[in-house]
Structure formats: structure tokens, C-alpha cells
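Here are some exercises to work through with the model open beside you. Try each task before you read its solution.

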Amino acid sequence: MKIQDIVFIIVFMVLLSQKKFEWLAALGLACIVLSIPLFSLWIFFTAERLTWYAALCFAISAIHLLFFLRRSEELGRNNI
């Protein structure tokens with residue numbers, strides 16, 4: 001495990017524990033932006049890891065958004 005893996009896991013866990021899912025999506029975008037120059041410099045190992053991290057962040061944010069929308073939709077139906 002490299003230093004970028006450890007830093008990402010720490011940041012990911014902090015954002016997940018504080019339930020800042022919008023920031024997780026921003027972290028995913030940052031990972032994609034950081035991976036672009038690494039791919040152009042042929043540093044494939046780190047760039048590939050960053051794309052996997054971005055996919056994880058996007059997936060967690062999307063799952064949270066879907067559950068939030070479903071819950072708010074169910075609450076809206078009960079009030080009518």
C-alpha cells in the first residue's frame with residue numbers, strides 16, 4: 001500500500017463518517033482530474049488507482065442520493 005492509498009482511505013473515511021456525500025462526489029472529480037496528467041506521463045499504476053477511487057466515490061454518492069430521493073418521496077406521499 002502506497003502513501004496515496006493511505007491518504008485517500010483517511011480522507012474517504014472522514015468524509016463518510018461526517019456524511020458529506022457531496023464532498024465525496026467532489027473527491028471523485030478531483031481523482032479524475034489528478035489521474036489525467038498521470039496517464040499522459042505513463043504512470044499507470046497510480047492513475048488507475050485514482051480512477052478506481054473516483055468510481056468508489058461516485059458510487060457511494062449515487063447510492064446515498066437514490067436512498068435520499070426515495071425516502072423524501074415516501075415522506076411526501078404520506079403527507080398528502
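**Exercise 1.** Decide whether Lys19 is buried or exposed, and say where Lys19 is found.

*Solution.* Start with the location: Lys19 sits in the loop between α1 and α2. Helices here are DSSP runs (H or I, at least four residues; strands are E, at least two), numbered from the N terminus. Next, take the relative accessible area, which is 62% for Lys19, so this residue is exposed. The cut-offs are under 20% for buried, over 50% for exposed and partly exposed in between, with a 1.4 Å probe and protein chains only. Finally, look at the backbone: phi of Lys19 is near 55 degrees, a positive value in a residue other than glycine.

A word on the source: this is a predicted model, in which local features need pLDDT of at least 70 and side-chain atom pairs count only at pLDDT 80 or more, while totals for chains, interfaces and linings use all residues. Residues are numbered from 1 along each chain as its sequence is written, and side-chain values use heavy atoms, with hydrogens and water left out.

**Exercise 2.** How do α1 and α2 pack, and which residues meet?

*Solution.* Two packed helices are described by the angle between their axes and the distance between the axes. For helix α1 (residues 3–17) and α2, the angle is about 155 degrees and the axes are 9 Å apart. Therefore α1 is roughly antiparallel to α2. Axes are lines fitted to C-alpha atoms, for helices over the stretch in contact, and angles run from 0 to 180 degrees between N-to-C directions. Angles under 35 degrees count as roughly parallel, over 145 as roughly antiparallel, 65 to 115 as roughly perpendicular and the rest as oblique.

Now list the residues: Phe8, Val11, Phe12, Leu15 and Leu16 in α1 meet Phe21, Trp23, Leu24, Leu27 and Cys31 in α2. Contact means heavy atoms within 4.5 Å. Sorted by type, the residues of this contact are 10 nonpolar, no polar and no charged. Nonpolar covers Ala, Val, Leu, Ile, Met, Phe, Trp, Tyr, Cys and Pro; charged covers Asp, Glu, Lys and Arg; the others, Gly among them, are polar.

**Exercise 3.** Which residues is Thr46 in contact with, leaving aside its neighbours within four places in sequence?

*Solution.* First place Thr46, which lies in helix α3. Because its relative accessibility is 16%, Thr46 counts as buried. With those sequence neighbours left aside, Thr46 is in contact with Gln4 and Leu38. Gln4 is in helix α1 and, at 23% relative accessibility, counts as partly exposed.

**Exercise 4.** How far apart in space are Ile9 and Tyr53, C-alpha to C-alpha?

*Solution.* Ile9 is in helix α1 and counts as partly exposed at 37% relative accessibility. Ile9 and Tyr53 are 44 residues apart in sequence, and their C-alpha atoms are 9.3 Å apart.

**Exercise 5.** Where is confidence lowest in the protein, and where is it highest?

*Solution.* The score is pLDDT, the predictor's confidence in each residue, from 0 to 100. The protein's mean is 88, and 95% of its residues reach 70 or more. Confidence is lowest in helix α3 (residues 44–79), at a mean of 86, and highest in helix α2 (residues 21–40), at 92.
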